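Trainee: I would like to go through this model and check each label against its definition. Where do we start?

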Amino acid sequence: GNTSLLSNVITRTTLPPTDTIDPTVAITAPLPGATLSGTVPVAATAADDSGTVAGVQFRLDGADLEAEDTSPPFTIAWDSTDTPNGPHTLVAVARDPSGNSASSTPVAVTVSNPITPITLGSISATSTTFTMKHTFSTSRPAYVSAGYGITAAYTAYTATSTVLATDHTITFRDLLPGTTYHYRLFARDATGATKTSIDRAF
């Protein structure tokens, strides 16, 4: 009889080599040791063996600073007035299209902005038998708290708020009916500026 020979055809696909090489990145501005105020340009140079850097993320004290910059020149404008005065560290993190990433050498800087006083707005109060609620505003976002007691030597303090805001409500609790209480409000913004109200009574 006739014999048929079947041949298997094997197709080989050559995959490109896996990119495991990290990009390089360096901060070019500001310079190490710089004292900064106002809006500050932050810049970096970055390169990759693929010829493409997918993005550079600037970080301040470990937290992202503005959105990632995905095209050169890699630069952002940092409003340092939102940062507390004192020492801080900048780092740039570059990534390539393959997901490799690298961090720059940290750059230590000092923020030194003029401290503008916070002002407190008018206070409105509502009460129940055992509580007194005070609502007020601050001239810019701040954390607030209060001290209170039956004399100006306050014996109780409210917890400091945990969110920066301009509109605030503080509730004094466990009050004795028919008793006059003294209180004082405290405010602190992100830059460290503070405001303490005069002693008031209710």
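Mentor: With contacts: a contact means heavy atoms within 4.5 Å. Among contacts in the chain between residues at least 6 apart in sequence, 59% join residues at least 24 apart. Keep in mind that this is a predicted model, where local features need pLDDT of at least 70, side-chain atom pairs count only at pLDDT 80 or more, and totals for chains, interfaces and linings use all residues. Residues are numbered from 1 along each chain as its sequence is written, and side-chain values use heavy atoms, with hydrogens and water left out.

Trainee: How many helices and strands does the chain have?

Mentor: Zero helices and 16 strands. Both are DSSP runs, numbered from the N terminus: helices are H or I, at least four residues, and strands are E, at least two.

Trainee: Why is the chain called more spread out than a compact globule?

Mentor: Its radius of gyration is 29 Å, well over the 17 Å that the globule rule gives for 202 residues, so the label holds. The radius is taken over C-alpha atoms, and the rule is 2.2 Å times the number of residues to the power 0.38. The C-alpha trace spans about 115 × 55 × 25 Å along its principal axes.

Trainee: What makes D61 partly exposed?

Mentor: Buried means under 20% relative accessible area, exposed over 50%, and partly exposed in between (1.4 Å probe, protein chains only). D61 has 44% relative accessibility, so it counts as partly exposed. D61 sits in the loop between strand 4 (55-60) and strand 5. Its phi is positive, about 55°, although D61 is not a glycine.

Trainee: Why does D174 count as exposed?

Mentor: D174 reaches 71% relative accessibility, so it counts as exposed. D174 lies in the loop between strand 13 (165-172) and strand 14 (182-188). Phi of D174 is near 55°, again a positive value in a residue other than glycine. Across the chain, 33% of the 202 residues count as buried.

Trainee: Which residues does a cis peptide bond join, with omega about 0°?

Mentor: A29 and P30. P30 is in the loop between strand 1 (24-29) and strand 2 (35-36). Another cis peptide bond joins P72 and P73, with omega about -5°. P73 belongs to the loop between strand 5 (63-64) and strand 6 (74-79).
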